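This report covers disulfide links, helix packing and the surroundings of selected residues in one model.

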Amino acid sequence: MYLRNTKIALFMLTSLGLSACGNSQSPALTEEPALTAEDAKKFIDDAQAELAALQLPAAQAEWAYQTYINQDTAAVTAHLSGKLTARASELAKESAKFNNVEVDPDTRRKLNLMRNGLVMPAPADEAKAARLSQLGSELGGMYGSGKYCRSEDECFRLTEMANIMATERDHELLLEMWEGWRQVSPPMKELFAEQAELANEGAKELGLADVSELWRGSYDMPADAFAAELDRLWGQVQPFYEALHCHVRAELGEQYGEDVVSQDKPIPAHLLGNMWGQTWGNIYDIVKPEEKLDVIDVTAALAQHDYDEVKMVKQAESFFSSLGFEPLPETFWQRSQFSQPADRDVVCHASAWNIDSKDDLRIKMCIQKTGEEFAVIHHELGHNYYQRAYNHLPLLYQGSANDGFHEAIGDTIALSITPKYLKQIGLVDQVPDASNDIGMLLKLALDKIAFVPFGLLVDQWRWKVLSGEVTPEQYNTAWWELREKYQGLMAPVERPADAFDPGAKYHVPANTPYTRYFLAHILQFQFHKSLCEIAGDEGPVHRCSIYGSAEAGKALNDMLELGQSKTWQEALQTLTGKDQMDATAILDYFAPLKGWLDEQNKDRQCGW
Ligand SMILES: [Zn+2]
């Protein structure tokens, strides 16, 4: 994930406006007939200057808080981000006075971006706005400092528990960790419901039905058309997902016994190598092909070559340098957090920042020396290079073409971490031949394809919650209905009445919209395919690395530097020549694996 500037949930100028005429509304403000296009321009300029001045200290305070959670840093960040959100909400509402003023397309786009740039719009009432900000901090803090204690003196933090989920194969221990982490979230439920209520008040003041309309309406197309677009993309991937699910369930059944993994039911969610069952790459050893395959163990290779955290980041930087991007600034190395501090609570969830919207780039991670984290570092740096590519634009245009683009860029780069690349940088001696590719593709599909329905359902849940279709009493059952419907997973044990399992997923208490990750999983394969063509790679697309291709680097930068000054359709066209998202690129990438899975599944009963 990335943070462009400040408080994750409260205000990010990263989402896109609706088309100029869409979603018109009756502003609460009285319209002054004398307003002109000049007034609109001046309003935009002043607003950008004012927001920039509020953002910087808010971003600094948020960084201090996330890298040192305590009462004081929490109070300061709540105060400053509260001020920023309140002012941004006021300006968003005020921008509506230009709804009927004839302005040039550029000004109209900025006005729309201003209105749609809120994630959790604050109500005008000052006390309510302050409360909304406080709730955001409290929820974030509960997640960040959350732990599970087995006994009085034996506690686990999330990083440790995530490790256990990834590597242990004792299903009772996995269940203990799975349930243990979910003890963090029941106290969040009431605060979350209150937060939704307050933000909905803010959304109503913007002339919207609720926050979900705001979130769905930020994609250069009408909110309902966008939802339909998501369905279309999911429909393209679904058959592949079901084949993968079928194989994984069968293999888990063999590993743990069919009394634990029943073959005609959804898969119990604690056995997939991940705390949320969202990516499954960690159970590759359980589901891998029987024939002996030569699959590179990047974790082992990193250890063998004495990679520490800094060296891992330096290596990722050199990838971008090979594409023609400038090196990261010195301050990046001084100010980033690479390792988890031993003496205090921090938010470990990886993120990338541009504190001053110019060149104060940083990443915040608790890097583990694994192949997975090596890819995460490439991903986070992708955010940083994107942030820098558009830092010359007016503030309102500094953002992702749509919010999926930011997530996709980092992942696109990570797709180039192929055996060929690892050999080029000296991490491995030999590139395994193509007969070994099924292993590599399966391992990657366990992360990329398995993730797609999860990426979709988190906001399916939240849209229903924010629109009031799902009430607080139904939060948890609605969550599990979606988990079953899309992912074919189920809770391994009956959930207690007070359970609030969505709260155990970072993006829910942190109020980060999640559809971006779904989009990113579709887009990254589209980007990768185009970049490989531009780089002149002639092999199969899953073996391609754009490392060292200045042509690909330039094509990538041409898209990145647009920020959100153009629609995402235009940005997409710049790189791929097409203005529509298309999941066939992900299917093409994994095509050899689909044949293999169908063969494995031919005598199995699939579905749930
Ligand atoms: Zn990211």
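Cysteine 246 has 2% relative accessibility and therefore counts as buried, where buried means under 20% relative accessible area, exposed over 50% and partly exposed in between, with a 1.4 Å probe and protein chains only. Its partner is cysteine 606, and the two are joined by a disulfide with an S to S distance of 2.0 Å; a disulfide is a pair of cysteine sulfur atoms within 2.5 Å. Cysteine 606 has a relative accessible area of 35%, so it is partly exposed. The torsion about the S-S bond is -75°, and the link of cysteine 246 and cysteine 606 is left-handed. This pair connects distant parts of the chain, 360 residues apart: cysteine 246 lies in helix H9 (residues 223-256), and cysteine 606 lies in the segment after helix H23 (591-600). Helices here are DSSP runs of H or I with at least four residues, and strands are runs of E with at least two, numbered from the N terminus.

The model is predicted: local features need pLDDT of at least 70, side-chain atom pairs count only at pLDDT 80 or more, and totals for chains, interfaces and linings use all residues. Residues are numbered from 1 along each chain as its sequence is written, and side-chain values use heavy atoms, with hydrogens and water left out.

The disulfide count comes to four. With bonded cysteines counted along the chain, the disulfides follow the pattern 1-2, 3-8, 4-5, 6-7.

| Disulfide | S to S distance | Torsion about S-S | Handedness |
|---|---|---|---|
| cysteine 149 and cysteine 155 | 1.9 Å | about 100° | right-handed |
| cysteine 246 and cysteine 606 | 2.0 Å | -75° | left-handed |
| cysteine 532 and cysteine 544 | 2.0 Å | -100° | left-handed |

Cysteine 149 is partly exposed because its relative accessibility is 37%, and cysteine 155 is partly exposed at 33%. In the link of cysteine 532 and cysteine 544, the torsion of -100° gives a left-handed disulfide. Cysteine 532 sits in helix H19, while cysteine 544 sits in the loop between H19 and helix H20 (550-560), 12 residues apart. Both cysteine 532 and cysteine 544 are buried.

Helix packing is considered next. Two packed helices are described by the angle between their axes and the distance between the axes. Axes are lines fitted to C-alpha atoms, for helices over the stretch in contact, and angles run from 0 to 180 degrees between N-to-C directions.

How are H9 and H19 oriented to each other? They pack at an angle of about 50°, with axes 11 Å apart. H9 is therefore oblique to H19, given that angles under 35 degrees count as roughly parallel, over 145 as roughly antiparallel, 65 to 115 as roughly perpendicular and the rest as oblique. The crossing of H9 past H19 is left-handed, a term used if the near helix is turned anticlockwise from the far one by less than a right angle, with right-handed used if clockwise. On the H9 side, Phe226, Leu230, Leu233, Trp234 and Val237 meet Thr515, Phe518, Leu519 and Ile522 of H19; contact means heavy atoms within 4.5 Å. The residues of this contact comprise eight nonpolar, one polar and no charged. In this classification Ala, Val, Leu, Ile, Met, Phe, Trp, Tyr, Cys and Pro are nonpolar, Asp, Glu, Lys and Arg are charged, and the others, Gly among them, are polar.

H19 (residues 515-534) also packs with helix H17 (residues 437-466): their axes come within 7 Å and cross at roughly 150°. H17 and H19 are therefore roughly antiparallel, and H17 passes H19 in a left-handed crossing. Residues of H17 in this contact include Asp447, Lys448, Phe451 and Trp463, and those of H19 include Tyr517, His521 and Phe525. The contact of H17 with H19 has seven nonpolar, four polar and three charged residues.

Two further residues complete the account. Valine 295 is located in the loop between helix H10 (284-287) and helix H11 (298-304). With a relative accessible area of 28%, valine 295 is partly exposed. Leaving out residues up to four places away in sequence, valine 295 touches Tyr284, Gly439 and Met440.

Arginine 335 belongs to helix H13 (residues 330-335) and is partly exposed at 37% relative accessibility. Its C-alpha lies 9.2 Å from that of lysine 364, 29 residues apart in sequence. Not counting residues up to four places away in sequence, arginine 335 touches Trp63, Asp360 and Arg362.
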